[in-house]
Structure formats: structure tokens, C-alpha cells
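Have the sequence and the model open as you read.

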Amino acid sequence: MWIFIIFAPNISFMSNNVSKELLNIYQKVINVKHCPWCGSLEFVKHGKYKFTVRYKCKNCRRTFLPSTGTSLHYIHKKDLFLSYANFIQREGMVSLKKMCKRFEIAPLTAFDWRHKILMSIPLNDKNFLGEIFMQDLWFLFNQKGRKGIPNSRKTGNDPIFLCDDNFKTRILSVKDNVRGEMKLSNVGSLEKQHFQRLFAKKMKKIKAITCPDMECFKKFSTNRNTNFINFESKINNSKIRTFKIQNQMFKTWINKRLKGVATKYIAMYCNYFLGFITQSFEPFTKKYLIQKNIWPFYTLVEEFYADFVTRYTSLEYAFPTKRKWKTSKLYYLKEWQFRY
Ligand SMILES: [Zn+2]
């Protein structure tokens, strides 16, 4: 009898090794509202696939599952992926090496899963109001993980790059009384047009900008007819101190804890960091991981990055990654979120 107890399957698992949590996600949490391929509302049930139903679109005739296009798409160990996401949400981000060990997965899987999770966190995209604080942060242009690049050019550690503005990845950090945003701006020197692109639409109702005494900030402020306040003049203001500390924490987190993040991915780390330290996202395993736009975005990141390098850096886009997915462009992207 005791042998049976030892080898009895975990009661929370069904016979086909799918957890109740995952079944619940497929059966109740994921909303199947339209065909992920063409957006048509006309689709019918079309048999089963493993533990879930399959659908067929009456318009484009393609079949799909409830999870098609979500972060769960093409993941074999879905339950493990959910635990992985739960872990990040609970404990924060730890090194990929530790994640590989803990979850017994390959480095590339740990890397892919982390990015799928980061991409699923929604952007906080509302307008700013009243007085805002603004600061620029920079990291060296980083091509970590990219194959074929001479080593010294990967993370810019060569002294030549350290003092060259052309290799500085700029992040703009902005905060009003309610919320903050950190955005990837450009690589190179910071100019007024970069703020315009990222924030002009969201700053129609602001009254004052408190920021470092830099020419580009001043120009931006004058252009908007808003008060320009120098950081230094408010050095004892506790909100500004907190803002600066938070930005510094982000730098330390990227440089020391994560040992640098590729410029290609840094935008999503910005978003995660803000969400995590301000606790502004709720448990995201069910809510966010099942958005339909994660898979297409995930597979198109390289293209967005190529576009970013071409438009907002003076560097050459080179050494593209060789990983390709056939289906990414075929998706119907109604809820598209641009991250660059
Ligand atoms: Zn369709």
C-alpha cells in the first residue's frame, strides 16, 4: 500500500499531466473572441487537441487553439512556464543561470520564457499631468547574445566606446504625481526630437518640467511653453530624491545584478522594473500571459530592433539573429502595442 502512495500521481494533476490551473486557463480564462489569423468573428469548434478544443475559422479556413498567439503558444511545458512566471512575479528577476537550474531548462528556454513574460506586461501609457520630473539615463550600446560580433563590440566594454557618445543607449525616465515611465529613446546624443517622439502627445497638460540643466531639456520645455525647473534648485525635495534614487536603482539593477541587458531588449526591462518597484502590476500569470498579441510581437522583435537601430542610432544594423518564425506576420494584430 505504501508503495502506491509514494508513486501515486500528484492529485492536482490530471491523467494527461495538465494541471488544474492550466485547464482552467484554457477553459475559462482565455476568451476566444475572434480568429487570431484574420480577425473574423465566424469560427466553429473543430475537434480536440490534447486537453483543449480546436477551432476553425469560417473565413480564412485556418485552425487555431484558445492559446494561439498568446505567450503559451508553442510552449511544450506549459505548466512549468506558468510556475516560471509565478516565480518572477513573487521573487523578482534572478539570473538566467539560476532559473535554468531551478526549473531544469536549457539556457535558451530560460531566456525565451523571460522575454515572453516581460513582453506580456502591459505598458502604462496614460497622459502626464501637472508637474513632471524628467531624467535621462544611459547604458553602453549592448549586443549581448548576438552571434558573430567581435567580442569587444558586444557590450562596448572597450575604452573607445566608453567615451564615445555614439555608443550611449539613452533611456528617458519621466514621472508625475501618479505614475512613471521609462522609455528607450535613442543611441547617441540626446536631442529634443527624441522627447518629442516619445512624450509630446502625453504631455499636453503639464505645467512644469523639473529636470537636469541640459540644453535639450530646456529646448523641449520652451517649445511646450512650460516652466523649466532645474533639479539642483530643488535638491531637498523628497519626491525628486526618490525619483533620482529609483533611476539609480534601475542602472545598478541592469549593470550589476543582470550584468548588462542587450539594447534590443532593454525597453521591456524598463517596463518590468517600473511595474515591479511600484507594484503596479497584479499577478500576471493569467491576466497578461494570455493576451493574443504576445507571440507575434515576440517573433518580430528583431525587426523592430532593426528599425530602431536604423532610425534612432548612427550605428549600422548588423549580425541579424538567424532565428525565424514563419507565422508571425500572419496574425491579426488588433491590440498591437509598439514598444520602441
Ligand atoms: Zn480567420
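Among contacts in the protein with a separation of 6 or more, 64% are between residues 24 or more positions apart. Bear in mind that this is a predicted model. The secondary structure comes to 13 helices and eight strands, and of the 340 residues, 30% count as buried.

So much for the overview; now for the inside. The largest nonpolar core has 54 residues. If you want to find your way into that core, look for the residues with the most contacts inside it: A85, L118, I132, M134, M268, Y269 and C270. Helix α11, covering residues 266–277, gives the most to this core, putting in seven residues. Take Y269 as a handle: leaving aside residues up to four places away in sequence, Y269 touches L118, I254 and V261. There's also a second, separate core of seven residues, with Y55, C57, F64 and L65 among them.

L118 brings us to helix α5, where it is one of the buried residues. How does the length of α5 check out? The helix runs over residues 107–120, and at 1.5 Å a residue its 14 residues should span 20 Å; the end C-alpha atoms are 20 Å apart, which agrees.

Next, see how α5 meets its partner α4 (residues 96–103). Two packed helices are described by the angle between their axes and the distance between the axes. Here the angle is about 110 degrees and the axes are 9 Å apart. Angles of 65 to 115 degrees count as roughly perpendicular, and α4 and α5 are therefore roughly perpendicular to each other. On the α4 side the contact is made by L96, M99 and C100, and on the α5 side by P107, A110, F111 and R114. Sorted by class, that's six nonpolar, no polar and one charged residues.

Which loop holds K50? The one between β1 (43–49) and β2 (52–57). K50 isn't a glycine, yet it has a positive phi of about 50 degrees. N225, in the loop between α9 (215–223) and β8 (227–230), isn't a glycine either and has a positive phi of about 60 degrees. Buried or exposed? K50 is exposed, with 9 other C-beta atoms within 10 Å, and N225 counts as exposed with 6 C-beta neighbours inside 10 Å.

Conventions:
Residues numbered from 1 in each chain as written. Predicted model: local features only at pLDDT ≥ 70, side-chain atom pairs only at ≥ 80, totals over all residues. Helix = DSSP H or I, 4+ residues; strand = E, 2+ residues; numbered from the N terminus. Expected span 1.5 Å × (residues − 1). Buried ≥ 20, exposed ≤ 12 C-beta atoms within 10 Å, placed from the backbone. Core = buried A, V, L, I, M, F, W, Y, C linked by C-beta atoms within 7 Å. Contact = placed C-beta atoms within 7 Å. Axes fitted to C-alpha atoms, helices over the stretch in contact; angles between N-to-C directions. Parallel < 35°, antiparallel > 145°, perpendicular 65-115°, else oblique. Nonpolar A, V, L, I, M, F, W, Y, C, P; charged D, E, K, R; others polar.
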